[in-house]
Every structure is written in structure tokens, then in C-alpha cells.
Amino acid sequence: MTKNVIEIRKLKKVYDGRTVLKNVSFSVKKGSIHGFIGPNGAGKTTTLKCLMSGIIPSAGEIYLEGKKVGENELANKKIGFMTEPAEFTDNLSPDILVLDEPTSGLDPSYRGILLNQLEGVRKRGGTVLISSHILSDLQKLVDSTTIIDKGKIIYTGEKPDDIEEMYNKLVLKDKIKAKEGQT
Ligand SMILES: Nc1ncnc2c1ncn2[C@@H]1O[C@H](COP(=O)(O)OP(=O)(O)OP(=O)(O)O)[C@@H](O)[C@H]1O
């Protein structure tokens with residue numbers, strides 16, 4: 001069985017009485033690139049900050065290589081964390097890399113370089129968790145995907161054939177609602 005390097009279980013985060021993460025659970029397998037996709041405000045950054053011990057979850061558990069984060073395990077000692085915009089180095093170093101919207105604001109050529117570097121990390125047996133609100137940025141690269149919307153996991157697992165349709169519907173639904181609100 002392939003080992004889960006990152007495992008997030010029933011994560012909950014409440015800000016000022018508002019629940020922004022509701023039972024968020026997903027896992028990332030060793031040697032894979034996992035896409036964490038969701039529209040703006042879905043809860044991607046909050047989840048990744050919980051993982052990196054930047055903020056304390058209201059409930060739930062995170063395991064890194066089988067060990068619970070927050071006890072004796074300091075996640076940020078083991079994981080490389082990059083937030084937008086991406087910073088380029090010759091070599092993306094660590095075994096576990098977490099990237100929060102790294103392609104945001106990058107022009108297509110730099111985006112291509114970054115995505116190539118991530119493929120290099122995978123070839124070396126490293127593990128990548130990468131977030132984006134743009135599915136097409138990651139679609140080709142990732143081995144598995146989690147889709148989050150309004151703090152809830154909509155889908156997690158291998159890439160289904162209809163992932164694009166699934167995600168477009170989700171984003172479209174919000175756009176229609178916003179338009180209805182304006183009229
Ligand atoms: N420090 C905070 N205090 C209160 N609410 C917050 C805080 N940080 C985030 N939120 C709210 O939590 C929700 C999730 O935000 P988050 O930044 O995790 O989403 P995101 O998916 O990363 O979005 P984006 O793609 O815009 O970065 C949003 O409604 C946001 O307004």
C-alpha cells in the first residue's frame with residue numbers, strides 16, 4: 001500500500017463564530033503531486049496554514065508521515081512551504097513541498113518552468129501539495145486532486161474524467177448566484 005505522507009482528518013476552523021473549514025479530510029500519497037483546488041475564499045490557505053502549524057485548527061487532526069502534527073512534530077521543519085508569488089531557485093529542495101497558489105500572477109513561461117520543477121521533485125520521489133483556484137493550471141500535472149468549496153470537500157481522489165465539468169459547474173454556480181444577487 002502506498003504511504004500517505006500527509007493526512008488531514010476532519011479539520012475544522014472557526015473565525016469569529018464563522019466556520020470556514022467543515023470536516024476537511026484528504027490525504028496525499030508519497031511520491032505524488034496532489035492538486036488542492038477551489039474558488040477564491042474556499043478555504044485553501046486556511047487548510048494549508050493549519051498544516052504548516054501557522055494557525056491552530058478548531059478541531060481535527062493532521063498527520064505527517066504518520067505522526068500527529070502539533071505534538072512533538074513540527075510540520076514546518078519537514079516541509080518546504082511556498083506562498084504566492086513563486087520564488088525560483090535552481091533546485092526545489094525538500095522531500096515534501098507545499099505550495100499555496102504559486103502560479104498566481106505568473107506569466108505562462110514562468111508557470112511552465114515551475115511546473116517542470118515540480119515534476120522533477122516527483123521524479124526524485126518527493127511529494128507535492130499545490131493549491132490553485134485555476135483547475136487548468138494543474139490539471140495535467142497532478143496525480144490526484146481535492147476540490148474544496150465553502151470550507152467543504154466536494155471531491156477527493158484520483159482525477160476523474162469529468163473533473164473539469166465538475167469544477168466549472170461549481171464556479172459557474174457561484175457566478176450565477178452573484179449575478180442574481182445584483183439584479
Ligand atoms: N484571519 C481570518 N479571520 C477571519 N476570516 C478569515 C481569516 N482568514 C481567512 N478568513 C476567511 O476564511 C475563508 C477561507 O479563506 P482562505 O483564505 O482560506 O480561502 P482560499 O481558498 O485560500 O482563497 P483565495 O484563493 O482567495 O486565497 C474566507 O471566507 C476568508 O474570508
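Reader: By class, how many nonpolar, polar and charged residues does the shell around the ligand have?

Author: In this predicted model, the shell around the ligand has three nonpolar, seven polar and two charged residues, where Ala, Val, Leu, Ile, Met, Phe, Trp, Tyr, Cys and Pro count as nonpolar, Asp, Glu, Lys and Arg as charged, and the others, Gly among them, as polar. Local features need pLDDT of at least 70, side-chain atom pairs count only at pLDDT 80 or more, and totals for chains, interfaces and linings use all residues. Residues are numbered from 1 along each chain as its sequence is written.

Reader: Which residues surround the ligand?

Author: A residue is near a molecule if its C-beta atom, placed from the backbone, lies within 6 Å of it; here Y15, D16, V20, G38, N40, G41, A42, G43, K44, T45, T46 and H133 surround the ligand. Helix α1 (residues 44-51) gives the largest share of this shell, three residues, a helix being a DSSP run (H or I) of at least four residues and a strand one (E) of at least two, numbered from the N terminus.

Reader: How many helices and strands does the protein chain have?

Author: The protein chain has five helices and ten strands.

Reader: Where in the protein chain is confidence lowest, and where highest?

Author: Confidence in each residue is given by the predictor as pLDDT, from 0 to 100. The protein chain has a mean pLDDT of 85, with 87% of its residues at 70 or more; confidence is lowest in helix α2 (residues 75-78), at a mean of 61, and highest in strand β2 (residues 18-29), at 97. Where pLDDT is low, the predicted coordinates should not be read in detail.
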